[in-house]
Amino acid sequence: MFQEIIVQRDDLKLKLSTGKLARQAGGAVVVESGDTVVLATACTARDPKAGLDFFPLTVDYREKMYAAGKIPGGFFKREARPTTKETLVSRLIDRPIRPLFPDKYRNETQIIVQALAYDQVNSPDVMAIIGTSAALSISESPFLGPVGAVRIGMIDGSLVINPTVEEQKVSKLDLVVAGTRKAITMVESEASVLTEEQYLDALALAHSHIVKVCDLIDELRAKAGKPKIAYTAPEIDKALMSELSGKYASAFRASFDLPTKLEREGKASELKAQIHAEMAARYEAEPGLMAKCKEYLHDIEYDVIRRMIVDEKARIDKRRVDEIRPIQAEVDVIKRVHGSSLFTRGETQALAILTLGGGDDEQFIDGLDETVKDRFLLHYNFPPFSVGEAGRFGFTGRREIGHGELASKALRAVLPTQQEFPYTMRLVSEILESNGSSSMATVCSCAMAMMAGGVPIKAPVAGVAMGLFLLEDRFSVLTDIQGAEDHYGDMDFKVAGTLEGITALQMDIKVEGISIEIMRTALAEAKKSRMHILAKMDEAIKTPRVEINPFAPRILILDIPKEKIGEVIGPGGKVIRRLSEEHGVKIEVTEDGNRGIVKVLSADGPSGENALAALKAIVTEPEVGKIYYNSKVKRVESYGAFCEFMPGREGLVHVSKISKKERLKAASDILAEGDFINLKLLEIDRQGRYNLSATDVPENDF
């Protein structure tokens, strides 16, 4: 019989349990909040994986549609590849836990988290982080947690802990924070332009809540924790390390003074090749020595660059710690597209392309929540040539999805409303060069591309990546970090925003936590840098253009009564197809509450205007006494002619009402099918039929 162990805290609205589900996993924890249920499992190999120079941790989060009482769409009716949301939540879990494993730990570790039930009130993503931390804490894994997590919102100016799904829709802040008792380890956020102080207040509140979550996880660990794997880091061969450091540390230091990334990497590769050549005889005589040398040379590089930055205050490219690389910004670099810009910062370059479309181009997002449509799409591409390598091309990885999502969050706060700008907007960021902070270059480039394309954004947005180097009791915060500073540093802290405040913030660290004070310093430096970058962007384009690009479609909008939608569409779509073909336009009809919205997309102004006029005629009620010019004769009988005097509206002109000059025996004496005639609407009879007259129109002379 299983023994279920449960811990819970009503003030956290959180319940953790283990021992009932997935009992063969190394650690398995069920997290419940409201009626949302998440299962997190952790399995760790007993022995390290040979030949690896990295920690083999994999994290997979999945949302099964049954959790929300839904059946998956598609032919196979089962969940397929991970959705964008599942990929982003997998990253959200991975980022705070990865730094909390012992240095040089190489045992394969797998995290699988599944949303089992979703009540449409309590979000499962934060619960997934908590569940993972709890599963690792009670497992054999030498995890240095626990980690707690929380979402912070801001509603009517007040901070809210773990807002509900409905509250999130009206919140000015969506901030997810993870951390240990001591410090914060991960931040992911989107905001409607908040100040640095508001962010710091939110982070402080988040950490106070995280401590309580850690207490709950520790309570579960005390009751259900397994003995940890005895892990001892490999002993360092001090003699070999001293020998290599004494011979080559100064050479590595000199390589960091070279001006470009490729030169530095080339020099480092040459140096390592030279070292391995010098050691070749010893490699043959001593198995395992080559692997040791490779590891120690990396550690020497790591130590050299960190001491250079913290103690000498010297950066790889000779910048000051608060200095931004040279910036070049320009728009209209690709003439035919709807909007384009090129943003270059040092050796990082992002080309942004804007495409405008209609409602049919919106993206359907189907998940545990209700299916929604998104009119703002941002896609980030990172081809291997951007870092001077040959590699796999065309595959969208987790990193690309994550970087694109961060840039998207940074820009959403300044987007125009549907009423202000009725277009679907797609931005593609092509990273053409990369040496650090390509996601923040994407923010800058995409903001300029939108302005160049005539999207009336509320304000330009810029982003910068901050770094941190901790060395014993000393630290340096770096502005605008490049690739090597990211690789060898302790923090990647990305901040994006406008002149007024922050719109997105993301932090990842490689140590056990960052204090609020260090974050305060980083935010202050990031603000100064953001002002500088925005000024450089202003030199290329200051405000959104008034007119959209000539190659972009024109959209005209017509509001119609809901009951008129059927008339506009016509039987089987007959009316809307006819108008589209006649005018060379695309017509979209949607329903919004008690009204219908008709969008006309055209390549030029006149085509759209003509189609719009025809649509207005369809939904406009006929007026008795009004003259309708150029009415079309549709059918001729002896007693009169049936004429279309408004689109979709036909009436009868009696033979006695056709000619002023003579009495006709038949309507065909004057009229033939296809003729055009000016008519006056005399009456609408009790059966709703329209009686027309040509004799009552002064302009007619027959």
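Lys-77 is partly exposed in this predicted model, with a relative accessibility of 49%. This lysine belongs to the loop that runs between strand S5 (57-63) and helix H1 (84-97). Most residues other than glycine have a negative phi, and most peptide bonds are trans.

A positive phi is also found at Ser-437, where the angle is about 65° although the residue is not a glycine. Ser-437 lies in the loop between strand S17 (424-433) and helix H10 (438-452). Its relative accessibility is 10%, and Ser-437 therefore counts as buried, the cut-off being under 20%. A further backbone feature concerns a peptide bond: Gly-145 and Pro-146 are joined in the cis form, with omega at about 15°. Pro-146 is placed in the loop between helix H2 (124-138) and strand S7 (148-155).

Confidence was examined along the protein chain. The mean pLDDT is 91, and 100% of the residues reach 70 or more. The highest confidence is found in H2, at 98, whereas the lowest is in strand S14 (residues 363-365), at a mean of 82.

The packing of two helices was then considered. Two packed helices are described by the angle between their axes and the distance between the axes. For helix H5 (residues 238-255) and helix H8 (residues 289-310), the angle is about 50° and the axes are 9 Å apart. H5 and H8 are therefore oblique to each other, and the crossing of H5 past H8 is right-handed. On the side of H5, the contact is made by Leu-240, Met-241, Leu-244, Ser-245, Ala-249, Phe-252 and Arg-253. On the side of H8, the contributing residues include Leu-289, Lys-292, Cys-293, Tyr-296, Asp-299, Glu-301 and Met-308. The residues of this contact between H5 and H8 comprise 12 nonpolar, 1 polar and 4 charged.

With a relative accessibility of 0%, Val-113 falls under the 20% cut-off and so counts as buried. Leaving aside residues up to four places away in sequence, Val-113 touches Val-38, Leu-39, Ala-40, Asp-60, Tyr-61, Arg-62, Ile-93, Ala-128 and Thr-132. Val-113 and Val-30 are separated by 83 residues in sequence, while their C-alpha atoms are 9.7 Å apart in space.

Definitions and conventions: Residues are numbered from 1 along each chain as its sequence is written. This is a predicted model: local features need pLDDT of at least 70, side-chain atom pairs count only at pLDDT 80 or more; totals for chains, interfaces and linings use all residues. Side-chain values use heavy atoms; hydrogens and water are left out. Helices (H or I, at least four residues) and strands (E, at least two) are DSSP runs, numbered from the N terminus. Buried means under 20% relative accessible area, exposed over 50%, partly exposed in between (1.4 Å probe, protein chains only). pLDDT is the predictor's confidence in each residue, from 0 to 100. Axes are lines fitted to C-alpha atoms, for helices over the stretch in contact, and angles run from 0 to 180 degrees between N-to-C directions. Angles under 35 degrees count as roughly parallel, over 145 as roughly antiparallel, 65 to 115 as roughly perpendicular and the rest as oblique. A crossing is left-handed if the near helix is turned anticlockwise from the far one by less than a right angle, and right-handed if clockwise. Contact means heavy atoms within 4.5 Å. Ala, Val, Leu, Ile, Met, Phe, Trp, Tyr, Cys and Pro count as nonpolar, Asp, Glu, Lys and Arg as charged, and the others, Gly among them, as polar.
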